[in-house]
Amino acid sequence: MYKGYGKPSDDWATRTVETLLEREPEVNLKGKWEYEDGLMLDGVMDVYERTKNKAYLNYIKHYFDSYIQPNGEIKGYNVNLFRLDDINNGKVLLRLYNLTKNNKYKEVLDKQYSQLETQPRTNSNLFWHKKSYPNQVWLDGIYMGDVFYAEYLGKFQENPSFDDVIHQFTKSYEIALDDKTGLCYHAVDESKEMYWANKENGHSPHFWLRSIGWYVMAMTDVSEHLPQDNPGRTQILTNLNNLLQSLKNVADEKTNLWYQVPDEKDRPMNYLESSGSLMILNAIAKSLRKGYLSDKQEWTKFLIKGWENALEQFISITNEGWVNVNKIAHVGGLGGPNHRDGSFAYYMSEPIVSNDHKGTGPFIMLANEMYKYY
């Protein structure tokens, strides 16, 4: 059943991290401060916290030390571009700072927080996705910026107010939600001026799987950084439960995985996509562990089936014994120089790749969560 290379009960998280150490000893292959590297390293940190293997911690540290100068300056990071993507690495850097107390890491964390303090905002007081995308709120950006926002406030400010963090989550859900399906659109242009925007509500034309994956992971992650008695946290968890249920309704019934355009699974060219599916399964697994989901028994059953099919659908092993994560949508965006219009044809046109960190990271996170089930 598993092609002779392993079982669902194997320690896939450790096996994948070991693959990274051998195949990508220099994480910063692109020489850029990349959000997807931070995503992957968050997964590596999860495995380090379970195994205490110092090689994993050193791998993370090596990445950041190759970018961060002794004075706290960062190669390839320009605060004035106001890209929420550039905040994402701060989440694993917070974890690294907690372990090392290295002041140069704190200087970077402060710089990232200062970006959020001056980040341009829409009329509804939500962060722009980036300076070059005015008035646009993307689900991706909630994951990139707002979980860090909450954790930074909780760690470094006395008596912090989380009202703005909660607003970023609850208002984005309100404006991106489709009442018919219960799913959330990839992005919203509050000005309704972009060529891809619905002129009535600013919605992008389609739901995109990975954007919803980012979003449910963000809602899951931020909840552990908010006071449990805060009603805003309760609302975020209600929204999370509702969105996961809506995702369950459009999942592929044979596999409990999802298609690139999740509500059009039978449409020609649509395909089961790994990164978004792994993100959603990871959000379910972590939410179960944290007690966020209302029907634990049913969700556990759904999760295990999805995990076992994810291994079959998305994972292969090389001759060297390395783990490949396959069927990853390379990118997905709106606007920009390539005039990305958010159409079904656009989402089908982007390359499908292997071992992109946007897929590898969620696989490590999910595999680490699943380790306890077997």
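How many cavities of 30 Å³ or more does the count come to? The count comes to three. A cavity here is a set of points on a 1 Å grid, over the protein atoms alone, where a 1.4 Å probe fits but cannot get out.

This is a predicted model: local features need pLDDT of at least 70, side-chain atom pairs count only at pLDDT 80 or more, and totals for chains, interfaces and linings use all residues. Residues are numbered from 1 along each chain as its sequence is written, and side-chain values use heavy atoms, with hydrogens and water left out.

**The largest cavity**

The largest cavity has a volume of about 50 Å³. Volume is the space filled by probe spheres set on the grid points, which are joined across faces, edges and corners. Its lining (residues with an atom within 4 Å of a point) consists of Leu 84, Leu 126, Phe 127, His 129, Val 137, Trp 138, Gly 141, Ile 142, Asp 146 and Gln 168. Strand 1 (136–138) and helix 6 (139–156) are the elements that give two or more residues to this lining. Helix 6 gives the largest share, three residues. Helices (H or I, at least four residues) and strands (E, at least two) are DSSP runs numbered from the N terminus. By class, the lining has six nonpolar, three polar and one charged residues. Nonpolar means Ala, Val, Leu, Ile, Met, Phe, Trp, Tyr, Cys and Pro; charged means Asp, Glu, Lys and Arg; the others, Gly among them, are polar.

**Two helix pairs**

Axes are lines fitted to C-alpha atoms, for helices over the stretch in contact, and angles run from 0 to 180 degrees between N-to-C directions.

| Pair | Angle | Axis distance |
|---|---|---|
| Helix 10 (residues 274–290) and helix 13 (residues 357–370) | about 30° | 8 Å apart |
| Helix 1 (residues 12–23) and helix 2 (residues 35–51) | roughly 120° | within 10 Å |

Helix 10 is therefore roughly parallel to helix 13. Helix 1 and helix 2 are oblique to each other. Angles under 35 degrees count as roughly parallel, over 145 as roughly antiparallel, 65 to 115 as roughly perpendicular and the rest as oblique.

Contact means heavy atoms within 4.5 Å. Helix 10 brings residues including Leu 278, Leu 281 and Arg 289 to residues of helix 13, among them Phe 363, Leu 366 and Glu 369. This contact divides into nine nonpolar, three polar and four charged residues.

In helix 1, Ala 13, Thr 14, Val 17 and Leu 20 meet Met 40, Val 44, Val 47, Arg 50 and Thr 51 of helix 2. Six of these residues are nonpolar, two polar and one charged.

Methods. On a 1 Å grid over the protein atoms alone, a cavity is a set of points where a 1.4 Å probe fits but cannot get out, and a pocket is an open set with protein on both sides within 12 Å along at least five of seven lines; lining residues have an atom within 4 Å of a point.
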